[in-house]
Amino acid sequence: MPYLSLDVGELDANCYLFYDDAGRDCLVIDPGAEAERIMELIEERALLPRAVVLTHGHPDHTGAAATLMARYRIPLWLHAADEEAMRSEAGRGLAAMFGVGPLPAAGRLLRDGDILACGALELKVIHSPGHSPGSVLFHGQGLLFTGDTLFRGDVGRSDLPGGDGEELRRSLARIRKLPPHTVVLPGHGPASVLELELKDNPCL
Ligand SMILES: [Zn+2]
Ligand SMILES: [Zn+2]
């Protein structure tokens, strides 16, 4: 499988390194905290980070982003709605509670249907608002990075600022149509397979 994962920070967020084994190109997905550990793994595997990519802008997923961006001179990619939410007063307040300062401006604002290239590999962006207005999923290579939209046996909360329960239900309806053998890689907790979630997850 073309990814590595580390669980980082006090909320045990999953940071994923999605990489192309041939060229070593790598996307750093949700570097939430513990930049040193993430960089150690990148260097141990001789990966070449090309961008920091966020499933959404909550600070438990962004805390190490600025350090990695500076270290590897790479851009930040996230959905426009969360770029905006992150910089709102509520967003800055939430980040301050995690000790996370403002991030450099996004180099690319993601949209539904965008393709993210990583060496010879690709991930497709699926906009999945509900947990936050700019939550996105990354789908490709049989994998689905779900951020805080879908977990094993549960879904993300929709009661934080910018959250919306009705939108979350619509986003989950799109997930249900993906191939059942898709590996689900959530923003917190263990991985799963969509088929199992369709069977066992009462929220899906
Ligand atoms: Zn979140
Ligand atoms: Zn989270």
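**Entry 1**

I started at Cys118, which stands opposite Leu121 in β8. Strands here are DSSP runs of E with at least two residues, helices are runs of H or I with at least four, and numbering goes from the N terminus. β7 and β8 (residues 121-127) run antiparallel and are joined by four bridges. I count two strands as paired if DSSP finds at least two bridges between them.

Notes on the source: this is a predicted model, where local features need pLDDT of at least 70 and side-chain atom pairs count only at pLDDT 80 or more, while totals for chains, interfaces and linings use all residues. Residues are numbered from 1 along each chain as its sequence is written, chains are lettered from A and ligands numbered from 1 in the order in which they are written, and side-chain values use heavy atoms, with hydrogens and water left out.

**Entry 2**

I traced the strand order as β7-β8-β9-β10-β13-β14, an open sheet of six strands with mixed pairing. β7 (115-118) and β14 (192-193) are the edge strands, each pairing on one side only.

β8 pairs with β9 in the antiparallel sense over four bridges, and Ile126 has Leu137 as its bridge partner in β9. β9 also pairs with β10, antiparallel again, over three bridges. The hairpin of β9 and β10 has two residues between the strands, and Gln141 takes a positive phi near 55 degrees in it.

Is β9 enclosed or open? Five of the five residues of β9 (residues 136-140) are buried, so the strand is largely enclosed by the rest of the structure. My cut-offs: buried is under 20% relative accessible area, exposed is over 50%, and partly exposed is in between (1.4 Å probe, protein chains only). Val136, Phe138 and Gly140 point one way from β9, and Leu137 and His139 the other way.

Val193 is partly exposed, at 25% relative accessible area. Its C-alpha atom is 7.3 Å from that of Pro180, 13 residues apart along the chain.

**Entry 3: the parallel strands**

I then looked at β4, β5 and β6. β4 and β5 (residues 76-79) run parallel with two bridges, and Val52 is partnered by Leu76 in β5. β5 and β6 (residues 108-110) are parallel too, over three bridges, with His79 opposite Leu110 in β6.

**Entry 4: two zinc ions**

Which residues hold the zinc ion (ligand 1)? I found His56 (NE2), His58 (ND1), His131 (NE2) and Asp148 (OD), at 2.1 to 2.4 Å. Donors are N, O and S atoms within 2.8 Å of the metal (3.2 Å for Na, K and Ca), and with water not among the atoms, sites may look incomplete. Along the chain the spacing reads H-x1-H-x72-H-x16-D. The angles among the four donor atoms span 90 to 171 degrees, and the site is irregular. For the record: four donors are tetrahedral if all angles lie between 85 and 135 degrees; four are square planar and six octahedral if opposite donors are over 155 degrees apart and all others between 65 and 115; anything else is irregular.

The zinc ion (ligand 2) is coordinated by Asp60 (OD), His61 (NE2), Asp148 (OD) and His188 (NE2), at 2.1 to 2.2 Å. Its spacing is D-H-x86-D-x39-H. Why is this one irregular? Its donor atoms subtend angles of 87 to 154 degrees, which makes the arrangement irregular.

Asp148 bridges the zinc ion (ligand 1) and the zinc ion (ligand 2), which lie 3.5 Å apart. His56, in the loop between β4 (48-53) and α2 (65-72), and Asp148, in the loop between β10 (143-147) and β11 (150-151), form a pair that links distant parts of the chain, 92 residues apart. His56 and Asp148 are buried, and so are Asp60 and His61.

**Entry 5: loops with positive phi**

Most residues other than glycine have a negative phi, so I flagged exceptions. Ala46 has a phi near 50 degrees and sits in the loop between α1 (35-44) and β4. Ala46 is partly exposed at 46%. Arg73 has a positive phi of about 50 degrees, in the loop between α2 and β5, and counts as exposed at 78% relative accessibility.
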